[in-house]
Amino acid sequence: MKKFLTVLSTILLLAGCSGNSGNGGKDIASHVIIIGLDGWGTWCMDKADIPFIREKMNEGSYTLYKRSVLPSDSGPNWAAMMNGTPAESSGILRNEPYPLCKPLALTEHNAQPTFFHLLKQARPDAETGVVTEWGDFLNYADTLCLDYYKRIFRPTQNPDAIVEESVRYIKDKKPVLCFIHIDALDHVGHTYGNGAPEYYAELPVVDDRVRRIVDGIKEAGIYDDSIIIVTSDHGHEGKSHGGRSQNEIETPFVIWGKGVRKNHEIKETFIQYDVAATVAKVFHLDTPQSWRGVPVDVFE
Ligand SMILES: [Zn+2]
């Protein structure tokens with residue numbers, strides 16, 4: 001019996017090591033594609049004309065009450081989503097290309113460890129990429145852990161470029177982890193303010209961009225083995241953000257795909273850095289002690 005158990009445990013150990021993550025266990029999905037909609041605040045959701053995203057809310061899991069880290073600016077929040085820590089720890093306290101105080105944890109790249117870094121440590125061959133309409137986004141991603149990154153210049157004059165570049169990259173490289181950042185809603189929010197007709201008019205346009213990127217994931221042949229996330233960094237109060245009003249600090253989070261609970265509203269507390277931990281869980285990545293994010297309960 002003892003010998004049988006030894007053999008059995010050896011088989012189980014080997015089986016555990018055969019997963020894709022490189023640190024035991026099989027990945028929940030082989031690909032995670034995150035689509036970040038800058039300045040998509042929950043305040044708009046009562047009247048938002050976003051049929052594709054609403055369809056995916058029903059198909060997967062979602063909350064309208066993910067909270068931003070403070071200040072409710074882009075830099076601290078995109079950074080927290082990738083590095084799993086609050087701004088006090090990362091030092092990304094404003095939209096600056098560098099930390100304003102010394103980060104509490106630093107990798108060999110002199111950067112706070114992002115989920116790209118954790119993935120590359122576990123699986124150096126895993127394809128990672130970022131396509132963004134905001135150049136500073138790249139400062140928080142740790143580009144030394146990216147196989148590919150592209151900034152779209154003058155996105156308001158070239159609004160289809162983010163879709164075309166993202167789809168081209170996804171079809172070409174089939175990334176394991178990819179973050180796409182779309183700036184359009186933040187732009188109309190700053191120009192016209194929350195509640196403005198122009199903001200509501202932009203929502204279906206952005207919804208269609210998300211749909212076309214997802215079509216590209218299908219054309220790449222990886223959709224059935226992917227998890228897709230659509231979320232945001234902050235909302236707006238009037239024409240600005242950075243403060244602590246509900247309009248600024250509440251953003252939606254939608255996740256669907258392989259292994260994700262369906263028709264599920266996330267009721268747990270959810271702070272921006274929990275996004276990083278949730279993504280890390282898909283690949284069973286060991287998260288460093290410096291991380292504060294906790295995965296939300298969205299997997300089957
Ligand atoms: Zn922003």
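Modeller: Two strands pair if DSSP finds at least two bridges between them. Strands here are DSSP runs of E, at least two residues, and helices are runs of H or I, at least four residues, with numbering from the N terminus. Keep in mind that this is a predicted model: local features need pLDDT of at least 70 and side-chain atom pairs count only at pLDDT 80 or more, while totals for chains, interfaces and linings use all residues. Residues are numbered from 1 along each chain as its sequence is written.

Biologist: OK, what makes strand 3 and strand 5 a pair?

Modeller: Strand 3 and strand 5 (residues 177–182) share 5 bridges, in the parallel sense, and the rule asks for at least two, so they pair. One example is V130, whose bridge partner in strand 5 is F179.

Biologist: Why is strand 3 called largely enclosed?

Modeller: Buried takes 20 or more other C-beta atoms within 10 Å of a residue's own (exposed is 12 or fewer, partly exposed in between, C-beta atoms placed from the backbone). In strand 3 (residues 128–132), 5 of the 5 residues are buried, hence the wording. T128, V130 and T132 point one way, G129 and V131 the other, and all are buried.

Biologist: What makes D46 buried or exposed?

Modeller: D46 has 7 other C-beta atoms within 10 Å, so it counts as exposed. D46 sits in the loop between strand 1 (31–37) and helix 2 (51–59).

Biologist: Last one: how do you know how helix 7 and helix 9 are oriented to each other?

Modeller: Helix 7 (residues 161–173) and helix 9 (residues 197–219) pack at about 15 degrees, axes 9 Å apart. Angles run from 0 to 180 degrees between N-to-C directions, with axes fitted to C-alpha atoms over the stretch in contact. Under 35 degrees is roughly parallel (over 145 roughly antiparallel, 65 to 115 roughly perpendicular, the rest oblique), so these two helices are roughly parallel.
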